[in-house]
Structure formats: structure tokens, C-alpha cells
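Here is a short tour of one structure, arranged by topic so that you can follow along in the viewer. Have the sequence and the coordinates at hand as you read.

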Amino acid sequence: MKSSNHRSRRAALAVALGSVLALTATACGDDGSGSAGDKGGEGSGKGEITFWDNNGGVRTDIWKEIIADFEKANPDIKVKYVGIPAASAQSKYDTAIQGGGLPDVGGVGTAMLAEVAVQGALEPLDSRLEKSDLKGKLSQNLVDSSRAAGGGEELYQIPTSSNNGTLWYRTDLFEQAGLDAPTTWTKFYEAADKLTDKDKNEFGFTIRGGEGSIAPALDAAYSQTGIDTFWNGEKTTVNDPKIVAALEKYVSLYKKDTPSADVNNDFTKMVAQWDSGTIGMLSHNLGSYQDHLKALGAGKFRGIPSPTQDDGTRVQVSNPVDGLSVFKPSKNKAAAWKFVEFAVSHAENSKYNESAGQIPANTEAAQDAWIQKAEPTKLAAEALNGANTKIVQFPYYLPDWNTISKADNEPNYQKVLLGKMSAKDFLDTLADQLNAAQADWKKNNG
């Protein structure tokens, strides 16, 4: 009951805050402060615009390169770059929404998109995309993820890149055991069993039990069942009997085919353990490729998309999507949109994602030579953009999504691994919290 009241208060606060800010901005008038509620304007399409990079430091060099390219192609527009560390991007945007000083354009990931959008700070982009050269050139699955994260109706973010769930496996160990690549769940479970020899400290799989464990667990469950929607009406599907059975099968690997230390493993411990030991498979994302290459060397491992069902059906959960948003108070939205179009164009989006090691949102960029040479990224892009791939959209728009999926339920998932809680009770608890959060959100965003 306590957590339900907590969610209600948070949802109500978000709505109230948005109303107050709108009134404040209206009272202040058109003072150029860039507060939420200020409608801004198209502007001349020339002059200076401000860009906030939501991963400053890590991506500063590549963004400065893209800005230089943009200014060369558009000599009448200057871009002021402001780098913000990823950990403080949300609070920086929130402060600017309340006090003024929002940029013209900025990086906004799907994890924070709804919270920024509900406060009236973002420009809807559907009509601009419809008239743009980008129309039809962006991954539809990523556009759908962007729309869903913003609440499901308006498009408030143009996606630039995404990661993807990847199953890393030791090709040398698979060959020695005479195993096929673990492309299906049947082959995955067979390999997990066959590669385990506890007496030799050899295991078929390493499972994530510590921080960040909920998303990969749900990805495995949805992928095995073929259930491809997070909601069935107003109720979540996370405790569907098929999902419960699939999660039971997945967690049964713990200590049988995995090390017992996995119950506390976050991704860094899990990756380090896989790189240094004799473990057959690891479920992570593209980001750990360089770690594996350095530790194991080329030719001893591969990264492939998460397994499919035996008939080839591919279902995967939505990964966080990074992207660019135009801010409603901008006095020069025309120039801001030109920058978005340029940054997500074929050449620039390819350059950005080669640097970031991620999947380009621009489907032409996803065909470029660097991706064809990087097999894990190539296969991930093909899986993400596959005509038969179904994406289960996580409800990033819920104000309490992060709290529910992390703080509230990671300890319960550890109890499941340890046999102190059933998979059904775990998923029923998760479902109750999600259903309450969805009802609150619907009530306040009617």
C-alpha cells in the first residue's frame, strides 16, 4: 500500500509541477529564459543554437566533429556545445525546466524522455519528420521505442542509436564439445548443461543476479514465450503463466549450470568473470566487446543476438534508445531541427555510432562497411531491424519505472535465485506494482 501511495504522489506531483511551471512561464512572458511552457518560435533558421550533450566527456570529441561538419555545411548557423555527464543529465534538464535556460536541442535518452516531456519542455516532432529527408530512413523499431517512451502518442525524440541484447559465447569451448551455436533457446539450454563440469570449475552460463538483473531476466522470459506486448489492456503481461514458466526454467540454471557467485554479480563482475574463466556463455550487450577481445583474443568468442524460439520467432525487450530532442522554448526551432536532421543523416549517424560502438538509427548507416566488419554489431542491427522481430516496449514513461524495476524488485529476484521466493510470487508482486503505476499514469495523463 505504501508503494502505491508513493507512486500516486509522484505522478500527481509531476502533473502539478508541469502546471505550475506552465503558469510561471506564461506570467514571465517571452523573455528568452527558456522555461517549460514558453512556446518559443521557428526563428530564422540562422544564428546560434545551443546543444546539450547528455553524455559529455564520453562523447564530446565525436559531437564536436559532427558540429564542425554541420557548421561547414550550414555556415549561417553556429552551435554552442555544452557537455553534461550522463549521471547528472536528468537533474540538469529538470533545473532548467524550472528556472529557465533550456537548450535549443539536446540529447535525451528514453529513460528520462517521459519525465522531461510531461513537464511540457519538448517539441512534438511527427510533422517535422514527415516532411524530412529522414522519413523512411530510420529504424521503425527504434522510432516505435522512442514514441512509446514518450507516452505512446507524440514523437518527442529522434533516435540516434541503441544497444542490443547479445549472447556472447566461447567458440573454442563449443567446438571442443561439438555444440552448435546457441541461436535458439533449445540449443542454449543444451549448451549450458553440456559445458558444465563443477569439479573443474567449468560452467555453461553466467547469470546476472546483482544490480541491473531485471531487464535481462525479463528479456529471457519474453523471448522464450513469444509474448510480444507488455500490456494486455490495462494489465501487464509480466505474470502471464507462460512468462512464469519461462522464468522458472531460466533461473533453474543458477548453481546448476552457473557459478554460485552470480547471485551478486552486476555487469562488471559478470563480464570480468566470463573473460577470466571457463564459462561458455554470457548474456550482456555490445558494450563489452572490447573487454572480451582484450581478455580472450580474436577467434575464441562470438557475439550473436539473443536466442530465438525453435521456429525462428524473435521477441526481445526494448533497450534504452538515445536520441535528440528539440526544446519547446527554443526561439530558433528551424535551426535546431536542421541540426537534428544533419546529425542523424547517413554519414554523420554512421560516424557517431562507429565511435560509440552502437547500432545506428539510420538504416542506411547500418549497412556501412564498419558494421559489416564488426560481426556482433552487424548481427544485432539485423536482428533489431528484422521484419519479423517483435519488440516488447518497456514502460519507460512510468515515473516509477526505474524504482520498480531496480530498487523494489532486484532483491526479490535474488530471493528467486536462492529458492526463497517463487518465480510466480516475484512476477505477481512486480505485476501489482506495474498495474498500479499504469493506472496512476492513465489517471493523470488521461
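Two strands count as paired if DSSP finds at least two bridges between them. Please keep in mind that this is a predicted model. With that in hand, let's begin with the sheet, then turn to the aromatic rings and the charged side chains.

**The open sheet**

- Six strands make up an open sheet of mixed pairing, in the order β2-β1-β3-β12-β4-β13.
- Which strands stand at the edges? They are β2 (77-83) and β13, each with a single partner strand, so one side of each has no neighbour in the sheet.
- Strand β3 (residues 105-107) and β12 run antiparallel and are joined by three bridges. Here Gly107 stands opposite Leu324 in β12.
- Strand β12 (residues 321-326) also pairs with β4, again in the antiparallel sense, over four bridges. Ser161 has Asp322 of β12 opposite it.
- On to strand β13 (residues 359-360): two bridges join this strand to β4, and the two run antiparallel. Ser162 finds its bridge partner in Ile359 of β13.
- Strand β4 (residues 158-162) is mostly covered, with five of its five residues buried.
- Helix α6 (residues 140-149) lies across β4, β12 and β13, and runs at about 115 degrees to β4.

**Aromatic rings**

- The count of aromatic pairs comes to 28. One of them is the tilted pair of Trp63 and Tyr352, with 5.1 Å from centre to centre and 45 degrees between the planes.
- This pair links distant parts of the chain, as Trp63 belongs to helix α2 (residues 60-73) and Tyr352 to helix α14 (residues 346-356), 289 residues apart.
- Phe70 and Phe342 form an edge-to-face pair, 5.4 Å centre to centre with 65 degrees between the planes. Distant parts of the chain are linked here as well: Phe70 is in helix α2 and Phe342 in helix α13 (residues 333-343), 272 residues apart.
- With a relative accessibility of 0%, Phe70 counts as buried.

**Charges over rings**

- Lys92 lies over the face of Trp52, 5.4 Å from the ring centre.
- Over the ring of Tyr189 sits the charged end of Lys249, at 4.5 Å from the centre.

**Salt bridges**

- A search of the whole structure finds 14 salt bridges. Among them is the one between Arg128 and Glu42, whose closest N and O atoms are 2.4 Å apart.
- Arg128 counts as buried, at 14% relative accessibility, whereas Glu42 is partly exposed, with a relative accessible area of 39%.
- Arg128 also forms a salt bridge with Glu123, with 3.3 Å between the closest N and O atoms. In this case Arg128 and Glu123 are both buried.
- Glu42, Glu123, Arg128 and Lys333 are linked in a network of salt bridges.
- Arg170 and Asp172 meet through their side chains in a salt bridge of 3.0 Å, N to O, and both residues are buried.

Notes
Residues are numbered from 1 along each chain as its sequence is written. This is a predicted model: local features need pLDDT of at least 70, side-chain atom pairs count only at pLDDT 80 or more; totals for chains, interfaces and linings use all residues. Side-chain values use heavy atoms; hydrogens and water are left out. Rings of Phe, Tyr and Trp (its six-membered ring) pair if their centres lie within 6.5 Å; planes under 30 degrees apart count as stacked, over 60 as edge-to-face and the rest as tilted. Buried means under 20% relative accessible area, exposed over 50%, partly exposed in between (1.4 Å probe, protein chains only). A charge sits over a ring if NZ of Lys or CZ of Arg is within 6 Å of the ring centre and within 35 degrees of the ring normal. Contact means heavy atoms within 4.5 Å. Axes are lines fitted to C-alpha atoms, for helices over the stretch in contact, and angles run from 0 to 180 degrees between N-to-C directions. A salt bridge is a side-chain nitrogen of Lys or Arg within 4 Å of a carboxyl oxygen of Asp or Glu.
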